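Open the model in a viewer and keep the selection tool at hand. The tour below goes from one stop to the next.

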There are 4 protein chains.
Amino acid sequence: MSAATRSQVRVRYAETDQMGITYHGVYFVWFEVGRVEYIRERGVTYRDLEEKEDLRLPVIDVQARFLKPSFYDDLLEIHTRLAEVTGVRIGFEHEVFREGTPGPLATGRTVVAAVDRQGRPRRLGEELRRRLES
Amino acid sequence: MSAATRSQVRVRYAETDQMGITYHGVYFVWFEVGRVEYIRERGVTYRDLEEKEDLRLPVIDVQARFLKPSFYDDLLEIHTRLAEVTGVRIGFEHEVFREGTPGPLATGRTVVAAVDRQGRPRRLGEELRRRLES
Amino acid sequence: MSAATRSQVRVRYAETDQMGITYHGVYFVWFEVGRVEYIRERGVTYRDLEEKEDLRLPVIDVQARFLKPSFYDDLLEIHTRLAEVTGVRIGFEHEVFREGTPGPLATGRTVVAAVDRQGRPRRLGEELRRRLES
Amino acid sequence: MSAATRSQVRVRYAETDQMGITYHGVYFVWFEVGRVEYIRERGVTYRDLEEKEDLRLPVIDVQARFLKPSFYDDLLEIHTRLAEVTGVRIGFEHEVFREGTPGPLATGRTVVAAVDRQGRPRRLGEELRRRLES
């Protein structure tokens, strides 16, 4: 498995719900922040993949486990790892940490498919795959 | 001023914040639900305007006043009226009501501009303007 | 397995992303709309469970598979079924349909835990469990 | 007028819409990120105001003007200034900038009211007012 990319997010007021914790759906937005940074750290930007290579990476499968709540204004660290990359899809693993709290607050897994602008399957180039695995 | 279109929304858990009320930013999403229904009631859909007429209506100006909070699971009624329509922009007025509570919970005003896919100004057709004013 | 509850949602502009489809994170909000209606159809409201019985049902596990995209202004039907209920947790199954499209656009599964206001585990009452299973 | 606090945000994929720009409702979330940082820079945290001083600052009035669109992955700078503070409310001014683009992409103004947990009006303490004005 590749090295983890670490991204920081601070919980926004809009991201809390009346239970006084972060709404669970927000973690998927953070997972995506992590994926974008994972790719950027390897010398590519998802923005360029879309604009210059006509690649889209829609999420086709996702799961998450919420172990401990996070709270408004918490500074969190999202760890993102590559789980697998094939010619047509990429799997990522996610963990959310808060300094001072042992173990992850949440874990997750996302699979994205490679398609073009019209949603037709596309193959991921060799160079991109090598970069993602690095 | 034209007749008001009435749209119903129920406050979702995701739309609350830890103050135990609806997050204020959510009202702009509801205002948009109201605008979309306003247009649909007049025989056009915003979806068709985008897809068939290459029209986009980005928001360029918005204001809102929050008078009383709304709460999780409240069934609300969004009233949407046309404030003005010119060749290049449309103004809408919004009010949010909850049955049993006198007066609006929130009021607002939105101005959208008419542009094409590339964001260049476009003129609104006469027929669309007449429909909006009806 | 219990009968499915059917809830309608219309895709909001705010819920789309620049891929031109519904952002995947939005489905978790719709799943919740489905759970809330599932409970309401069985004579209880989640709001009352919170306010009158000091019960909270935070999501602890969720998964979703996205098979076909949904689009702006689509009218969707969320089917929600009970998967299991124990003394301390409830599992739900979700399917999202669009009229005219065969098969679900998305499927999912959510597990919520029963806790009190302070986040301490609580047991679900017999009557509530019976209602959920009905 | 006090000095501006500068906060950075990067546009998330979830924050775009199918027009290919940031959804306008997202700016209100960013304005709030700016307010929170404005307060933090002056030695207080909004979190502490809520938890330790039983203060809530719900938004009662907001307006925004959208001059130029922002795009996915843009790194933006939110400038937040105090417009006014009285015993019972605080006004903030917002501007959103992107490096390399002259002038703000968006401007706005928010007024928040001081209330307690039950939503009853509260007076802002002298020290807090002095800090906010510094």
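Begin with chain C and select C:Gln63, whose C-alpha comes closest to the rotation axis of the residues of chain C, at 2.0 Å. The model is a predicted one.

Next, show chain A together with chain C. Chain C is superposed on chain A by a rotation of 180 degrees with 0.0 Å of shift along its axis, and the RMSD is 0.0 Å. The two copies are thus related as by a two-fold rotation axis. Colour the interface residues of both chains: 100% of those in chain C are also interface residues in chain A, so the copies meet through the same surface.

Now turn to where chain B touches chain C. The contact is made by 10 residues from chain B and 10 residues from chain C. On the chain B side, select helix H1 (residues 26-41) of chain B, which gives three residues, the largest share of that side. Coloured by class, the side of chain B that touches chain C shows five nonpolar, four charged and one polar residue.

Stay in chain B and select strand S2 (residues 59-66) of chain B. Which strand of chain B pairs with S2(B) in the antiparallel sense over seven bridges? The partner is strand S5 (residues 106-113) of chain B. Within this pairing, B:Gln63 has B:Arg109 as its bridge partner in S5(B).

Strand S2 (residues 59-66) of chain D is joined to S2(B) by five bridges, and the two strands run antiparallel. To find one of these bridges, select B:Ala64 and its partner in S2(D), D:Val62.

Notes
Residues are numbered from 1 along each chain as its sequence is written. Chains are lettered from A and ligands numbered from 1 in the order in which they are written. This is a predicted model: local features need pLDDT of at least 70, side-chain atom pairs count only at pLDDT 80 or more; totals for chains, interfaces and linings use all residues. Two residues are in contact if their C-beta atoms, placed from the backbone, lie within 7 Å. Helices (H or I, at least four residues) and strands (E, at least two) are DSSP runs, numbered from the N terminus. Ala, Val, Leu, Ile, Met, Phe, Trp, Tyr, Cys and Pro count as nonpolar, Asp, Glu, Lys and Arg as charged, and the others, Gly among them, as polar. Copies are superposed by least squares on the C-alpha atoms of residues with pLDDT of at least 70 in both. Two strands pair if DSSP finds at least two bridges between them.
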